[in-house]
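Welcome to my notebook. Here is what I looked up, entry by entry.

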Amino acid sequence: MKISERLMRAKPSATLAVNAKAQELRAQGKEIVSLAVGEPDFGTPKHVCEAMKKAVDEGFTRYTPVPGIPELRKAIADYYGKFYGAKALAENTIVSNGGKHSLYNLFMALINPGDEVLIPAPYWVSYPSMVELAEGKPVIVPTTAESGFLADIETLEAACTDRTRVLVLNTPSNPTGGHYPQAHLDEIAAWAKSKGIFIISDEVYDRLVYAPAEYSTLCNFWEKNPEDVAIVGALSKSFSMTGWRVGTTLAHVDLVKAMTKIQSQSTSNVNSMTQKAAVAAFEGPWDLVDEMKVAFQRRRDLAYDIISSWPGAVCPKPNGAFYLFPVLDAFYTEETPDSASMCTKILEEAGVALVPGSAFGDDRCIRFSYAVDDEVLRKSLEKIGNVLMNK
Ligand code: PLP
């Protein structure tokens with residue numbers, strides 16, 4: 001049997017190795033804490049679960065239209081109006097199986113073989129692989145810790161060629177937590193438009209922004225320039241619904257139709273009952289989101305204070321999501337010369353799982369998720385500090 005060349009070039013998810021090692025240690029009876037998680041440690045809001053149960057009881061169990069049931073598509077369009085003042089119609093939206101699926105469909109719909117896609121690094125793990133699966137060429141654009149890992153126009157411009165078609169922006173960011181202020185986003189969007197570059201704006205953490213930073217989005221830019229940008233959202237992070245698999249795209253009707261075509265030949269609709277629950281999530285109330293924000297902001301401060309006290313650590317203070325991405329290469333040694341070996345050492349000696357920065361395109365860094373209980377977070381960070389400083 002021969003696996004396709006396209007797939008042979010794709011890499012498996014880089015977090016798998018850390019998880020496998022953590023499981024091995026757990027099987028040996030060791031207590032392992034994971035600061036490697038990419039999901040909120042909160043449950044799903046009750047009214048959302050009730051909506052799902054009602055859908056089951058009412059027998060809402062059949063195929064639905066591929067891009068989603070009309071009431072959900074309208075709820076998504078209304079979400080952008082309610083939260084950001086952007087006018088959108090149900091036909092500008094499509095529901096997919098998680099933000100990941102929305103992104104995959106977008107790359108498939110937009111990229112021709114050899115098209116170049118600008119991806120600011122550090123980047124979410126799946127962007128380069130998705131671009132490659134679509135037979136495009138990922139072009140990694142560096143950013144600096146000093147800038148909070150935000151892309152700037154000069155560096156983007158330097159990475160452009162006549163094959164550049166798409167720019168991927170992610171705010172707030174996984175892995176850095178970095179958040180683009182609105183003016184910065186608008187400036188990049190105007191630049192991209194002037195170059196004929198389409199923007200995929202991954203906003204799956206949109207509601208997890210910490211004051212005094214303010215929410216930012218390209219949905220208002222989209223309203224004025226519907227052919228130049230698509231906005232990806234999800235219930236996974238902002239609504240603590242990772243397992244439900246609801247991703248959304250706000251885009252021009254023609255792009256929605258193209259994505260629908262892909263989805264119609266691959267997955268069809270998202271689970272019918274989940275769609276009913278998603279309507280409830282988008283319509284609110286959103287008390288849980290506010291509760292999560294308070295907890296995450298407190299934990300961000302707690303983790304930031306500890307990590308930035310380690311001599312040699314460079315830790316930008318991020319304004320969103322639930323990650324910190326400090327530069328820790330000052331602690332690398334001959335035995336632990338990179339982020340992967342350092343994560344293995346921390347896992348073995350401190351019993352804490354982290355994700356190496358190499359997975360996100362920056363080997364100087366390590367990703368810390370603070371989506372865990374405060375005390376667990378504090379104790380884990382103290383243990384990690386002791387390992388780094390050989391105490
Ligand atoms: N985009 C970013 C930046 C993410 O961090 C993730 C999940 O980790 C996704 C997209 C995919 O989200 P989902 O779980 O909804 O597929």
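I began with Lys237, where a side-chain N or O atom sits 2.7 Å from an oxygen atom of the ligand; I count a pair of N or O atoms within 3.5 Å as a polar contact. Taken alone, the ligand exposes 390 Å², and the protein buries 91% of that (Shrake-Rupley areas, 1.4 Å probe). Next I found Asp202, with a side-chain N or O atom 2.6 Å from a nitrogen atom of the ligand. Tyr205 has a polar side-chain atom 2.8 Å from an oxygen atom of the ligand.

**A note on the source.** This is a predicted model, where local features need pLDDT of at least 70 and side-chain atom pairs pLDDT 80 or more, while totals for chains, interfaces and linings use all residues. Residues are numbered from 1 along each chain as its sequence is written, and side-chain values use heavy atoms, without hydrogens and water.

**The shell.** I see 15 residues around the ligand, Gly99, Asn174, Asp202, Ser236 and Lys237 being the closest (near means a heavy atom within 4 Å). Helix α5, residues 99-110, gives the largest share, three residues (helices are DSSP runs of H or I, at least four residues).

**Helix α5.** I looked up which residues are buried, and Gly99, His101, Ser102, Leu103, Asn105, Leu106 and Phe107 are among them (buried means under 20% relative accessible area, 1.4 Å probe, protein chains only).

**Asn92.** I found Asn92 in the loop between α4 (70-84) and β2 (93-96) (strands are DSSP runs of E, at least two residues). Asn92 is buried, at 9% relative accessible area.

How values were computed. A polar contact is a pair of N or O atoms within 3.5 Å; within protein, one must be able to donate a hydrogen and the other to accept it, and residues adjacent in sequence count only if both atoms are side-chain atoms. Buried means under 20% relative accessible area, exposed over 50%, partly exposed in between (1.4 Å probe, protein chains only).
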